[in-house]
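This report goes through one protein chain from its overall layout to a few of its side chains. Keep the structure in view while reading.

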Amino acid sequence: MRPSQAGVRNGRRPARDDAALNLRAAPVAPLQRDVRENLSTHVERHIRSSLLAGRFTPGDRISLISLAETLGTSVTPVREALSRLAAERAFELIPGQIARVPRFDAQRYAELRDIRVAVEGLAAERAAERITKRELAKLKRVLNQFNAASQAGEVERMLLDSRDFRFMVYEASGMPALVRIIEGLWLQSAPSFRLMYGPNDRDELLENAYGWLLQALTDHDPAEAKRAVERAVTMGASRLISIVG
C-alpha cells in the first residue's frame, strides 16, 4: 500500500493541543528512576526515546504540566529536559509552559537527509566490518518483528522496531561518537516519519531495504551495507517530501 496522505492538509498535519497525547499512546507509565541518575536526565532520556520512535509528529504542542503528570514528576525536570532537547532543535519552547515539535520544512528536511546519508552510511560500513554473530542474531529478531508489524499495518510498532533495528546497526560500528551524531539528526527527523503513513499502511520498500542491509552485514560487505542504508534514507526522504513538502 502506498503511504497515505490521510490527515495531511495543505502540506501539514494539524497541531495537537493535548500535552501528553503521544506519550500516552505509547503507552508510557510513570517513570521508574534509577536513584543514581538525575531526574531531569532520566526524563530527557524518556522523551528522547519517544521522539526517536516517531511518537511525536511535527506541530505537536506539549504542555509541560500535563507531560509532568503523565510521567509522574514535577514540572521542573520536564522543563529542564525539554530545554536541553530544544537546544538540539527537537523542540521549540513557547510561552505558557508549552513546547512544540517544529513543523515540517522540506528544505530543512532535505538538508538533514544529505547529512544522514553521509553519517549513517559510514556507520553501516563500519558495522559490516566488525559485526558479531550475536549482534546479527539480535538484528534478525528485530527485523522479523519489524516485518510482522509492517505486514500487519501496525504503524506505531513498525516505527519502534525500525528505530531499534537501525540503531543496533549503528551501534555495531563501535563508534559511539558517530552514533551520538546520528541520534541528534534523528531527533530532528523522526517526528516526520509518521507523516508518511496512514493508520494501517505497510512499508514494503523499507522491508526490502532492511533485508538487503541485513544480508550485507551478514556477508561483511561494507560497500553493500553503506548502499542499503543510503537507499533507506533517501527513499524515505523523497517519499516524505513528495507527500508533505
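## Terms and overall layout

A residue is called buried when its relative accessible area is under 20%, exposed when that area is over 50%, and partly exposed in between. The model described here is predicted.

The chain has ten helices and three strands. Starting at the N terminus, the order of these elements is α-α-β-α-α-β-β-α-α-α-α-α-α. Of the 245 residues in the chain, 52% are buried. The accessible surface of the chain is about 11500 Å², and carbon and sulfur atoms account for 49% of it. Among contacts with a separation of 6 or more, 76% are between residues 24 or more positions apart.

## The nonpolar core

The largest nonpolar core contains 71 residues, and I47, L82, F91, V169 and L217 have the most contacts inside it. Helix α10, residues 222-244, supplies the largest share of this core, with ten residues.

What does F91 touch, leaving out residues up to four places away in sequence? The list includes I47, L51, F56, I62, L82 and L85. Also on it are A86, A99, R100, V101 and P102.

Helix α8 covers residues 176-189. Its 14 residues should span 20 Å at 1.5 Å a residue, and the C-alpha atoms at its ends are 20 Å apart, so the two values agree. The buried residues in α8 are L178, V179, I182, G184, L185, W186, L187, Q188 and S189. Among the elements that cover them are α2 (39-52), α4 (75-87), α5 (106-130) and α7 (155-171).

In α4, P77, V78, A81, L82, L85 and A86 are buried. These buried residues pack against helices α2, α3 (64-71) and α8, and against strands β2 (92-94) and β3 (98-100). Just after α4, R89 has a positive phi of about 65°.

E207 lies in helix α9, residues 204-218. Is E207 buried or exposed? E207 counts as buried because its relative accessibility is 11%, and the limit for buried is under 20%.

Apart from neighbours within four places in sequence, E207 is in contact with F146, N147, S150, Q151 and R202. The side chain of E207 makes a polar contact of 3.4 Å with the side chain of Q151. Another polar contact, of 2.8 Å, links the side chains of E207 and R202. R202 and E207 also form a salt bridge, with their closest N and O atoms 2.8 Å apart. R202 counts as partly exposed because its relative accessibility is 30%.

## Other salt bridges

Side chains of opposite charge can pair when their charged atoms come close. How many salt bridges does the structure hold? There are 15.

One of them joins R116 and E120, whose closest N and O atoms are 2.6 Å apart. Both residues lie in helix α5, four residues apart, which is about one turn of the helix. R116 and E120 are both buried.

Another salt bridge links E230 with K226, and here the closest N and O atoms are 2.7 Å apart. E230 and K226 are separated by about one helical turn because they are four residues apart in helix α10. K226 is partly exposed, with a relative accessible area of 28%.

Note on methods: Residues are numbered from 1 along each chain as its sequence is written. This is a predicted model: local features need pLDDT of at least 70, side-chain atom pairs count only at pLDDT 80 or more; totals for chains, interfaces and linings use all residues. Side-chain values use heavy atoms; hydrogens and water are left out. A nonpolar core is a set of buried Ala, Val, Leu, Ile, Met, Phe, Trp, Tyr and Cys residues joined through side-chain atoms within 4.5 Å. Buried means under 20% relative accessible area, exposed over 50%, partly exposed in between (1.4 Å probe, protein chains only). Helices (H or I, at least four residues) and strands (E, at least two) are DSSP runs, numbered from the N terminus. Contact means heavy atoms within 4.5 Å. The expected span of a helix is 1.5 Å times one less than its number of residues. A polar contact is a pair of N or O atoms within 3.5 Å; within protein, one must be able to donate a hydrogen and the other to accept it, and residues adjacent in sequence count only if both atoms are side-chain atoms. Accessible areas come from the Shrake-Rupley method with a 1.4 Å probe; for residues, only the protein chains shown count as cover. A salt bridge is a side-chain nitrogen of Lys or Arg within 4 Å of a carboxyl oxygen of Asp or Glu.
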